[in-house]
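Here's a quick tour for anyone opening this entry for the first time. Have a look at the picture, then read on.

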There are 4 protein chains.
Amino acid sequence: MSHKKEISRQADYPFKVEIQTRWSDNDMFGHLNNVIYQRFFEHVVVAFLNGPCAMDLLNAPVITFAAESQCRFLRPLSYPGQVVAGIRIDHMGRTSARYGLALFEEGQDEAAAEGHWVHVFVDRTSQKPVPIPDTVRAVFDAHRRSP
Amino acid sequence: MSHKKEISRQADYPFKVEIQTRWSDNDMFGHLNNVIYQRFFEHVVVAFLNGPCAMDLLNAPVITFAAESQCRFLRPLSYPGQVVAGIRIDHMGRTSARYGLALFEEGQDEAAAEGHWVHVFVDRTSQKPVPIPDTVRAVFDAHRRSP
Amino acid sequence: MSHKKEISRQADYPFKVEIQTRWSDNDMFGHLNNVIYQRFFEHVVVAFLNGPCAMDLLNAPVITFAAESQCRFLRPLSYPGQVVAGIRIDHMGRTSARYGLALFEEGQDEAAAEGHWVHVFVDRTSQKPVPIPDTVRAVFDAHRRSP
Amino acid sequence: MSHKKEISRQADYPFKVEIQTRWSDNDMFGHLNNVIYQRFFEHVVVAFLNGPCAMDLLNAPVITFAAESQCRFLRPLSYPGQVVAGIRIDHMGRTSARYGLALFEEGQDEAAAEGHWVHVFVDRTSQKPVPIPDTVRAVFDAHRRSP
């Protein structure tokens, strides 16, 4: 039995999108700037909420605020490559959820970066926490981390 | 005895810089986009390394790669306010260090966000880990978290 | 009589703001990326509209859409320097205005970049052009290019 | 005979790329922020120089500096749509060239934005203007604006 932390693979993430890198994503060292990794996490989170979860973040009465973000950088990514970003639900509470997130160099099965975001669901007007809408909860359930 | 996590204060961070927000830092919800918090962490980290640590990241033979980043969002920040960003050394190994980081709304003593970055020091050419230079190590020692 | 185009000077711009550069504003060639110059033009335009013009872009019934932008790059700017950005009114129509814009390296009197933006004033809801509000028009008049 | 300025069409641009929009490209008014248009111009310019022109901007002895940029905004673009960006050579001198540039909403034949960039070719080390390399000049010739 090993305690070595496993690097996650593409199959560990049930929803994935391709992200096009931009020249301006690279930093002065010729790799994707590490802040851009969070930008790519945002991309897959928004694609997941607007897509399968059908949330319509621009107009919906319930929106999401970030409570926490984290990223471990495992290998460099660079423009002009394509990046695959994956998301899964690691934990779901009443008013918040924790997403497991990863970035992959196109064609590679081992993650180049792993991390998570915690989102709190809030009323757009009052900005107070509200229960995760049932329709969203059902989609989250279908995208939980496999045991 | 309380287990409640304390919110850090400005005095907990021995090196601080002011950061000017930009209109484009706000997201469609009218607050600083959460990815921008990482951009502000980058700002204070670079100011610390180029300033007190005298590293000259553009030309030095030893540069830094991010290994991990993390942020907890405690209260919203918005353009056009000024933000104060603070850094301290939470842990120092042979080739890597962990920085404690925080952002404050100007004039507020409780952090609006807290987090950390882990930097690995690498040779600019080989990109292999190398010991933290002695001059940098001395400055890190002087900026350790107070006990 | 010379036809040589004059490089504009700080005194040619009646409203100016200081802009803090960021590490991420530099491109892989070690200078401010040229797209960032437009970001800095945006900074002074928004500061002028929200400040002296008292427009409150986030809530006002009349907002502005860009119709045209232009920039000539005269000398490089770089992080970590401060940049001074200036604005003046070059032309004012019924529903639109043309701003003259310039960026200066701190402490330099000759512009590092010159350009202009044309803004159309539109109703926030209908997004149709509307007359420039009288209060804004008065401030524009006071910031016209000197003859 | 009409003096009305024609809006350019996709066929007017011999080299085109698709650009994926990002959530963060939208501004607080729900459209692509106008500075992002310049980012998209940069995207197609770099794709053209690194692609057909085989310039390898990261390592080549000759690099390019922007001397001028311009954009006219004709209709709004928004996340999450795809954008088509086109480039053609409008003018070529000894050490500089002017690119005609346009952005199109996917599936639309009339441009959403038109503009140009002027690039000066410079020696990477001395940063002095140098003649456009012959191999690049040949590709530019093949991408000139049709008469």
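## How chains A and B meet

Before anything else, keep in mind that this is a predicted model. Let's begin with chains A and B. Every interface residue of chain B, 100% of them, is also an interface residue in chain A, so the copies meet through the same surface.

How do you get chain B onto chain A?

## Chains A and C

Now for another pair. Chain A can be laid on chain C by a turn of 180° and a shift of 0.0 Å along the axis, again with an RMSD of 0.0 Å. Which residue of chain A comes closest to this rotation axis? That's Met28(A), whose C-alpha sits at 2.2 Å. Both copies use the same surface here, as 100% of the contact residues of chain A recur in chain C.

As for the contact itself, 6 residues of chain A touch 6 residues of chain C. On the chain A side, the residues that touch chain C split into 2 nonpolar and 4 polar, with no charged ones.

## A sheet built from chains C and D

Next, the strands. An open sheet of 10 strands runs in the order β1(C)-β3(C)-β4(C)-β5(C)-β2(C)-β2(D)-β5(D)-β4(D)-β3(D)-β1(D), with antiparallel pairing. At the edges stand β1 (15-20) of chain C and β1 (15-20) of chain D; each has a single partner strand, so one side of each is left without a neighbour in the sheet. On average, neighbouring strands of this sheet are turned by 25° against each other, direction ignored.

Zooming in on one pair, strand β4 (residues 96-105) and strand β5 (residues 113-123) of chain C run antiparallel and are joined by 8 bridges. Within this pair, Ser96(C) stands opposite Val120(C) in β5(C).

## The helix on the sheet

What packs on this sheet from chain C? Helix α1 (residues 34-50) of chain C does, touching β1, β2 (62-73), β3 (82-92), β4 and β5 of chain C, together with β2 (62-73) of chain D. The direction of this helix makes about 65° with that of β3(C).

Key:
Residues numbered from 1 in each chain as written. Chains lettered and ligands numbered in written order. Predicted model: local features only at pLDDT ≥ 70, side-chain atom pairs only at ≥ 80, totals over all residues. Contact = placed C-beta atoms within 7 Å. Nonpolar A, V, L, I, M, F, W, Y, C, P; charged D, E, K, R; others polar. Least-squares fit on C-alpha atoms with pLDDT ≥ 70 in both. Pairing = 2+ DSSP bridges. Helix = DSSP H or I, 4+ residues; strand = E, 2+ residues; numbered from the N terminus. Axes fitted to C-alpha atoms, helices over the stretch in contact; angles between N-to-C directions.
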